[in-house]
Amino acid sequence: MKETKKQLSVSAIENGTVIDHIPASNLFNVIQILGLDKIDNLITFGTNLESKKLGRKAIIKLAGIYFEDDDINRIALVAPEAKLNIIKDYEVVEKSIVKVPDNIAGIAKCVNPKCITNFEDVKTKFKVVSKKNVALKCHYCEKITDQEHLVIV
Amino acid sequence: MNNKSLVSIDDISTEEMVSILDLAKEFEKDPGQNLLGNKVIATLFFEPSTRTRLSFESAISRLGGKIVGFTDASSSSVTKGESLYDTIRTVNNYSDLIVMRHPIEGSARLASEISDVPIVNAGDGANQHPTQTMLDLYSIRKTQGSLDNLNIFLVGDLKYGRTVHSLLMAMSRWNTTFNFISPEELKMPVEYKLYLDKLGLKYYEHSDFSDIINEADIIYMTRVQKERFSDPMEYEKVKNVYVLRNSMLSNTKENMRVLHPLPRVNEIHTDVDANKKSYYFEQALNGVFTRQAILTRLLGLK
Ligand SMILES: [Zn+2]
């Protein structure tokens with residue numbers, strides 16, 4: 001009974017991408033990073049779904065949208081376990097997982113209050129120095145922002 | 001170097017470093033060449049730093065260059081709220097190279113991305129001050145004959161000291177052994193120790209001066225500032241512990257030299273000044289030659 005309900009809560013799509021295993025608390029960060037609030041395609045969100053791995057997870061179904069690796073990997077900072085299902089004709093034709101990229105532009109805020117990026121109108125840039133427990137080295141002030149202090153801009 | 005600017009010491013390859021040190025040696029022999037005769041150099045000091053500014057201006061003047069700029073932000077448009085972007089875009093029309101000091105970390109990197117002319121970082125907050133590191137390397141090489149296999153003692157505020165961190169990072173390229181002498185509250189941060197571990201370099205930590213300094217090739221002193229302590233009582237306890245006196249130097253090695261980025265307060269007793277092992281004033285003079293080398297290299301003149 002419960003299973004059926006979960007499946008029904010997010011309707012199927014004909015063509016597009018399903019992003020699964022997003023931590024529920026980061027759903028809105030993912031929406032923001034991918035700019036989903038600015039597109040006209042049909043998008044279905046589900047959140048607070050039960051997940052053994054994540055506690056509560058969120059899922060996004062995007063009709064008619066396919067991502068380039070570089071674009072989708074940007075969400076790895078907030079959804080490192082996210083899985084992608086590429087859908088064609090209601091069938092999953094490809095599965096993949098997001099990968100934390102080597103460099104990050106925009107997205108995150110530098111944790112250092114004395115960093116120029118927190119004073120001047122400039123896009124943040126980071127080198128990813130650790131991918132497991134994400135650690136970002138600021139291109140400007142050279143300080144490390146770790147997972148715990150990660151704030152999405 | 002990144003985009004012909006000097007922003008961070010980590011941007012310079014070991015080869016380039018050595019080449020700049022060699023060039024500085026040429027300037028030491030002949031500091032008065034008219035290489036900057038038709039050049040205008042901007043010195044933008046968004047916060048005052050008299051010593052660094054005078055050293056740069058001396059380096060430029062001895063090479064015949066003209067200087068424009070300001071000596072602290074209160075005398076500039078910055079206090080009227082002008083962005084760094086606008087200041088740099090404007091000043092790079094008036095000059096062939098910009099020397100800048102700024103209290104905000106990463107400001108020099110940003111300036112180097114905005115500017116058409118080379119930027120020399122003369123200190124960006126607690127982050128980088130690469131010309132200081134270069135003059136420290138020059139002083140060490142000059143007094144020791146080489147940078148290889150030295151035993152370097154870093155003393156004082158090793159937690160917040162930008163100078164000692166950059167020096168550690170730079171010297172770790174030459175199989176250096178490090179000794180750290182500092183109060184508990186101001187110990188070398190763990191990230192630098194991990195870095196040395198990774199390179200397999202030896203380091204030792206001490207809470208006080210002892211006979212161990214007799215093994216030193218270089219004793220690099222820094223100021224222990226009261227405002228760094230969360231508990232003022234802690235400062236009172238340690239403030240006289242990290243003072244170097246002449247009597248402590250009697251059994252140190254012949255080649256040993258005492259360095260300090262200056263200004264000092266009381267951490268080197270004035271009775272050390274007459275000892276030939278004191279080197280901090282010569283070190284400051286070396287800053288002029290090193291900066292001459294960096295400026296002419298970035299301008300493609302040398
Ligand atoms: Zn930063």
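1. Where in chain A is the place of Asp89(A)? The model is a predicted one, and in it Asp89(A) sits in the loop that runs between β4 (83-88) and β5 (91-97) of chain A. The residue deserves a look on account of its backbone: phi of Asp89(A) is near 55°, a positive value in a residue other than glycine. Most residues other than glycine have a negative phi.

2. Leu262(B) and Pro263(B) are joined by a cis peptide bond, with omega about 0°. Pro263(B) belongs to the loop between β9 (257-259) and α9 (280-298) of chain B. Most peptide bonds are trans.

3. On the overall fold of chain A: the secondary structure comes to three helices and nine strands. Read from the N terminus, the order of elements is α-β-α-β-β-α-β-β-β-β-β-β. The C-alpha trace of chain A spans about 55 × 30 × 25 Å along its principal axes.

4. The interface of the two chains comes next. In it, 14 residues of chain B are in contact with 13 residues of chain A. The chains bury about 1100 Å² between them, with 47% of it on carbon and sulfur atoms. In chain B, the residues that lose the most area to chain A are Ile104(B), Glu105(B) and Leu110(B), together 45% of what that side buries.

5. On polar terms across the interface, the rule finds 11 residue pairs in polar contact, both residues at pLDDT 80 or more. Helices α3 (84-91) and α4 (107-114) of chain B each supply at least two residues of the side that touches chain A, and α4(B) gives the most, with four residues. By type, the residues on this side of chain B divide into four nonpolar, six polar and four charged.

6. How many salt bridges are there between chain B and chain A? The count is three. One pair is Glu142(A) with Arg109(B), whose closest N and O atoms are 3.9 Å apart. With a cut-off of 4 Å for this rule, the 3.9 Å of that pair should be read with the limit in mind.

7. Over all chains the count comes to 21 salt bridges. Among them, Lys53(A) pairs with Glu81(A), the closest N and O atoms being 3.5 Å apart. This pair links distant parts of the chain, 28 residues apart: Lys53(A) is in the loop between β2 (43-51) and β3 (55-63), and Glu81(A) is in the loop between α3 (69-72) and β4 of chain A.

Conventions
Residues are numbered from 1 along each chain as its sequence is written. Chains are lettered from A and ligands numbered from 1 in the order in which they are written. This is a predicted model: local features need pLDDT of at least 70, side-chain atom pairs count only at pLDDT 80 or more; totals for chains, interfaces and linings use all residues. Side-chain values use heavy atoms; hydrogens and water are left out. Contact means heavy atoms within 4.5 Å. Buried area is the accessible area (1.4 Å probe) that two parts lose on being put together, summed over both. A salt bridge is a side-chain nitrogen of Lys or Arg within 4 Å of a carboxyl oxygen of Asp or Glu. A polar contact is a pair of N or O atoms within 3.5 Å; within protein, one must be able to donate a hydrogen and the other to accept it, and residues adjacent in sequence count only if both atoms are side-chain atoms. Ala, Val, Leu, Ile, Met, Phe, Trp, Tyr, Cys and Pro count as nonpolar, Asp, Glu, Lys and Arg as charged, and the others, Gly among them, as polar.
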